[in-house]
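Hi everyone, thanks for coming. Please have a look at the sequence and the model on the screen, and then I'll walk you through a few spots.

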Amino acid sequence: EAMSIQHKAYQRILALTLGTGFGSTFIDQNEIIKNRCDVPPGGMLWNYPYDDKSIADDWFSIRGLINIYNTILQQESLDNHSHMSINKEKLILNINNKSNTLDGVSLAAQASNGDENALKAFQIFAECLGNFLIPHIKNFKADLIVIGGGLAQTWHFIKNELDKTIKKFCNTEVYFSLAHEKSICLGAVQQQLSILFQSKNSCFRKTCQNLLPAIKTIDSTQYDLYPCHDIPIGFIGIGHKQLNEEMFRLVEQNQILLIDGFVGTYFDEYAYELNKYY
């Protein structure tokens with residue numbers, strides 16, 4: 001995510017995952033920061049104290065969101081305060097209680113159907129998250145917060161309140177990533193590539209398989225390990241502008257256009273560039 005084209009302008013990024021647990025990574029100019037005075041030990045926020053009886057992971061996870069919702073239900077008849085008020089002591093006492101019927105998906109479904117208590121739970125969750133992050137954002141001087149994990153799918157219930165809370169103190173942008181496992185895999189590969197290129201031994205090809213031939217003769221009578229096809233002159237273009245022009249022509253001609261590619265194709269960058277023309 002940090003190296004994607006839409007985030008290249010940001011130098012300091014705080015990446016979070018909200019799901020089964022609360023994950024965090026502090027990134028400065030594409031380098032993961034673990035031990036520095038402006039980040040918590042190991043760059044981890046999950047075990048950072050939230051108050052004197054709980055840690056961040058108890059709050060900013062699916063079980064934390066469900067605990068907020070359950071507490072709202074318990075206090076509904078006694079709530080004489082503002083709509084954002086909540087008895088945090090009671091919520092802390094309910095941390096270890098497990099609901100057999102409610103999970104993050106069903107709570108999101110309730111919010112989508114207009115359940116006021118479910119919507120309030122997301123709102124309180126977002127406000128508490130924003131207030132918790134503010135000192136860490138300031139210490140690290142984060143330009144951008146990228147949020148992934150299972151709860152990123154419910155961004156439309158979280159983003160407005162989270163933005164409003166953070167904007168009271170700083171101008172840090174918030175971006176919700178829906179790339180899921182793709183970002184994890186690409187990030188892992190990127191980290192390994194940087195290690196390989198720093199190594200004195202620059203040879204990292206560990207296979208005896210033959211390289212693709214520069215010139216080959218197609219023999220259709222036998223199995224072809226390296227199939228290839230003739231490409232007419234003028235069929236290869238360069239740049240997203242030319243690609244967009246060709247796509248527009250094909251859509252006009254066929255009314256529909258299906259785009260396919262290899263699993264490793266970075267479609268987020270592809271879509272980001274093409275969206276500039278619409």
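Let me begin with a definition: the expected span of a helix is 1.5 Å times one less than its number of residues. Helices (H or I, at least four residues) and strands (E, at least two) are DSSP runs, numbered from the N terminus.

Now some housekeeping. This is a predicted model, where local features need pLDDT of at least 70, side-chain atom pairs count only at pLDDT 80 or more, and totals for chains, interfaces and linings use all residues. Residues are numbered from 1 along each chain as its sequence is written, and side-chain values use heavy atoms, with hydrogens and water left out.

How confident is the predictor? On pLDDT, its confidence in each residue from 0 to 100, the protein chain has a mean of 82, with 81% of its residues at 70 or more. Helix α5 comes out highest, at 96, while helix α3 (residues 88-93) is lowest, at a mean of 49.

Back to that span. Helix α6 has 13 residues and reaches 17 Å from its first C-alpha to its last, close to the expected 18 Å. Which of its residues are buried, meaning under 20% relative accessible area, where exposed is over 50% and partly exposed lies in between (1.4 Å probe, protein chains only)? In α6 they are Phe157, Ile158, Glu161, Leu162, Asp163, Thr165 and Ile166. Their cover includes α4 (104-112), α5, β6 (144-148) and β7 (173-176), with contact meaning heavy atoms within 4.5 Å.

On to the rings. Rings of Phe, Tyr and Trp (its six-membered ring) pair if their centres lie within 6.5 Å; planes under 30 degrees apart are stacked, over 60 edge-to-face, and the rest tilted. The structure holds ten aromatic pairs. In one of them, Tyr50 and Trp59 are stacked, 4.3 Å centre to centre with 25° between the planes, and both residues are buried. Phe122 and Phe157 make a tilted pair, at 5.1 Å and 35°. Phe122 lies in α5 (residues 116-140) and Phe157 in α6 (residues 155-167), so this pair ties together parts 35 residues apart in sequence. Phe122 and Phe157 are both buried. Ring pairs also link Phe22, Tyr48, Tyr50, Trp59, Phe60, Phe125 and Phe132 into a cluster.

One last stop: Tyr272, in helix α9 (residues 267-274). Tyr272 counts as partly exposed because its relative accessibility is 34%. Tyr272 and Ser4 are 268 residues apart in sequence, yet 9.9 Å apart in space, C-alpha to C-alpha.

Methods
pLDDT is the predictor's confidence in each residue, from 0 to 100.
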